[in-house]
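I opened this model to look up a few packing details. My notes follow in the order I took them.

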Amino acid sequence: MSSFFVNERAGVPETIRGPGSSLSIHRKLPGYRPSPLRFSAVATEKLGCGNVMLKDESDRFGLPSFKVLGASFAVYMELKRRRRFEDDAWNDLDGLVRLCRDVLPRGLVTATDGNHGRGVARIASWLGLGADVFVPAGTVPARIEGIESEGASVTVIGGDYDDAVEAAASTASEDLWLVQDTAWPGYERIPAWIVDGYGTIMDEMEEQLATAGRPAPGLVAVQIGVGSLAAAVIGHFRSGQEGRAPVIVGVEPDGVACAFESVRAGEIVTVPGPHRSVMAGLSCGTLSSLAWPVIRDGADIFVTVTDDDAFEAMRLLAGDGIVSGESGSAGLAGIAALLRDGAARDALESLGLAPGSDIMLISTEGITDPVLYGRVVNPPGR
Ligand SMILES: Cc1ncc(COP(=O)(O)O)c(C=O)c1O
């Protein structure tokens, strides 16, 4: 069942990460183009609000999710830290590889529920490195094949996402860099750069809104797995800002809502497995230690959604020609769940959301589980 609560302590977080420089780096990587800002007429009509807009991350550098933005920027920053150079010392990937030849490791290692691992595997292949990727039991074959298609080697471990992170961390060495998208005490440098890398989405969004002549959205929804994406969204919209607009809504799957549970408890709470949600990208039991204070102090409302809510959102977006997977559609599912609840609508209004305001979503993935996508969007007999 979907549930929500209003975060009474939300304001401007102290530990916020301000605007970064990732967009100028991403622009120099092979195949860069901004992800499209799309308008969904079908979702707008269904929700009865201002325009529903979304950043469509179904094709980032040819990969089906936004995650490569974080991994690429973090590896770049680690190279820069070791080799010490200015951003203008290279113009393209070949130049970067030449510049960093002496500091490149043998490979990269990470844990993933699919998307981040594929991003890490892509960066490794760009740099001519190996990649070892650990995935939890039950990861669907298509996601494993996606990672392997980048040249990485995949190990399925007998446990959940948190267990995969432990396995990856214990494999890392000076020559096999851990590129993990979640932080814990003592491991924060790389995850912080990953958050900065996601900032590219918001920087592009601002440019696209300006070009389209649209005002700032009144509400932004963000899906939460370990919370790094949410930290980037909150960082963008809350830094250097006095007021509370837009309203920021964190969306998680029912049964794996680690931000929801942690903020309610006032401390990081691990949601034990097994995690049964189809929203694999959001099925993380523990928040990133870096994201935690930002989310605790920066997100206005938390809402959980069921698998069926996500399926309905996938179909809705497909009706507009927008290809969005189960974790990708969860943001829309969360807003739909809030708007069909009278108490939640009142809460949004008291947070200052005007009735005709535009809503911004991030469709964080396209098709990453083709079997499920086909079953949900084109069920046999329809
Ligand atoms: C498709 C998708 N959306 C959203 C997220 C959530 O990002 P984070 O784990 O940074 O909260 C993930 C994470 O893997 C994802 O794969």
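I began with the ligand shell and asked which helices supply at least two residues each. They are α5 and α9, the latter spanning 228–238. I note here that the model is a predicted one. The largest share of the shell comes from α9, with 3 residues.

Next I looked up which of the 21 residues around the ligand come nearest. I found Gly225, Ser228, Gly281, Thr364 and Glu365. I then sorted the shell by class and got 11 polar, 6 nonpolar and 4 charged residues.

I have α3 at residues 68–83 and α5 at residues 115–127, with axes that come within 8 Å and cross at roughly 40 degrees. I logged the crossing of the two helices as right-handed.

Which residues make this contact? On α3 I listed Val68, Gly70, Ala71, Ser72 and Val75, and on α5 His116, Gly119, Val120, Arg122 and Ile123. The contact divides into 5 nonpolar, 4 polar and 1 charged residue.

From α12 the contact takes Asp309, Ala310, Glu312, Ala313, Leu316 and Leu317; from α13 it takes Ala330, Leu332, Ala333, Ala336 and Ala337. By class I recorded 9 nonpolar and 2 charged residues in this contact, with no polar ones.

Last I traced the sheet. It is open, has 7 strands with mixed pairing, and runs in the order β1-β10-β9-β8-β11-β3-β2. Which strands stand at the edges? They are β1 (4–6) and β2 (37–39); each has a single partner strand, so one side of each is left without a neighbour in the sheet. I noted an average twist of 25 degrees from one strand to the next.

Strand β9 (residues 247–253) pairs with β10 (residues 301–305) in the parallel sense, over 5 bridges. I looked up what stands opposite Gly250 in β10 and found Phe302.

Note on methods: Residues are numbered from 1 along each chain as its sequence is written. This is a predicted model: local features need pLDDT of at least 70, side-chain atom pairs count only at pLDDT 80 or more; totals for chains, interfaces and linings use all residues. Axes are lines fitted to C-alpha atoms, for helices over the stretch in contact, and angles run from 0 to 180 degrees between N-to-C directions. Helices (H or I, at least four residues) and strands (E, at least two) are DSSP runs, numbered from the N terminus. A crossing is left-handed if the near helix is turned anticlockwise from the far one by less than a right angle, and right-handed if clockwise. Two residues are in contact if their C-beta atoms, placed from the backbone, lie within 7 Å. Ala, Val, Leu, Ile, Met, Phe, Trp, Tyr, Cys and Pro count as nonpolar, Asp, Glu, Lys and Arg as charged, and the others, Gly among them, as polar. Two strands pair if DSSP finds at least two bridges between them. A residue is near a molecule or strand if its C-beta atom, placed from the backbone, lies within 6 Å of it.
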